[in-house]
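User: I would like to go through this model term by term and hear what each label rests on. Please set each value against its cut-off before you conclude.

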Amino acid sequence: MASEARHPILADTSSLVAVANTGQWGLLKDAVHLTTTNVCKHELRNHVNSANYPPEGSREHYLKRGSERVIEHLEADSSPWSCVTVVPRPHGADAGEQSLERELSEHGSAYRIVTILDSAARRSIRRVIEEHGHDIDVVGPPYLLYVLLDNDLLSKAAFCEATVEMIRTEGWTGYETVKSAWDGIPVNCVEILDDEYDDVLPPR
């Protein structure tokens, strides 16, 4: 069962689902130590319970599969991941994102990185960080893959390939979304990947 320890990386629901659906999940889940909230875990359970047998390749199938993997890992005794309880518990469509804000308001000094894609949520989280005077970077979900590269567990080419796999699997299309996904990652994948990846590479 995930502990209440606080690791330097705080991740939201979409970040966890995104990495769970990459080919690097087997390596990442045991190599990266991170924390999420009980509210995000509840959102993961909702993804699992929302559809019994979603069609292969559908968004529902993707969410269910990724969420199942994350929950199983969070509940494993040997997991280096933790789940902290946020009180009072927020509700609604943005509950997971709001739970990160509340956690940072109360325990921001424990964290160095927050991974989340949504631009509006990032702005709101950055305001909370600034208000409390913390030194925390707010980055996209691919940063979790970058941690593997930074610790020499993944080659640069493998990192670039896994990141574009994540972006395409997630359906993160559009200039601003792609830019947000790569935000905070000091790696130039343009020189490694050819032109067919232009739609999922950061603006040059």
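This is a predicted model: local features need pLDDT of at least 70, side-chain atom pairs count only at pLDDT 80 or more; totals for chains, interfaces and linings use all residues.

Analyst: Helices (H or I, at least four residues) and strands (E, at least two) are DSSP runs, numbered from the N terminus. Residues are numbered from 1 along each chain as its sequence is written, and side-chain values use heavy atoms, with hydrogens and water left out.

User: What joins V87 and P88?

Analyst: The bond between V87 and P88 is a cis peptide bond, with omega at about -5°. As background, most peptide bonds are trans, and most residues other than glycine have a negative phi.

User: Where is D152 found, and what makes it count as exposed?

Analyst: D152 is found in the loop between α7 and α8. The label follows from relative accessible area (buried under 20%, exposed over 50%, partly exposed in between, with a 1.4 Å probe and protein chains only), and D152, at 70%, therefore counts as exposed.

User: Why is the pair of Y143 and Y146 called tilted?

Analyst: Rings of Phe, Tyr and Trp (its six-membered ring) pair if their centres lie within 6.5 Å, and planes under 30 degrees apart are stacked, over 60 edge-to-face and the rest tilted. By this rule there are 4 aromatic pairs. The ring centres of Y143 and Y146 are 5.4 Å apart and their planes stand at 50°, so the pair is tilted. Both residues belong to helix α7 (residues 143-150), where they are 3 residues apart, about one turn of the helix. Y143 is buried at 16% relative accessibility, and Y146 is likewise buried, at 13%.

User: What makes α7 roughly antiparallel to α8?

Analyst: The two helices pack at an angle of about 170°, with their axes 10 Å apart, which makes α7 roughly antiparallel to α8. The cut-offs are under 35 degrees for roughly parallel, over 145 for roughly antiparallel, 65 to 115 for roughly perpendicular, and the rest for oblique; the axes are lines fitted to C-alpha atoms, for helices over the stretch in contact, and angles run from 0 to 180 degrees between N-to-C directions. In contact (heavy atoms within 4.5 Å), L145, Y146 and L149 of α7 meet K156, F159, A162, T163 and M166 of α8.

User: What makes H47 count as partly exposed, and which residues does it touch?

Analyst: H47 in helix α3 has a relative accessibility of 25% and therefore counts as partly exposed. Not counting residues up to four places away in sequence, H47 touches T13, L63, K64 and S67.

User: How do you know whether H33 and S180 are buried or partly exposed?

Analyst: H33, in the loop between α2 (25-31) and β2 (34-37), has a relative accessible area of 41% and is therefore partly exposed. Leaving aside residues up to four places away in sequence, H33 touches H7, I9, P80 and W81. S180 lies in helix α9 (residues 175-182) and, at 11% relative accessibility, counts as buried. Apart from its neighbours within four places in sequence, S180 is in contact with L117, S119, R122 and G140.
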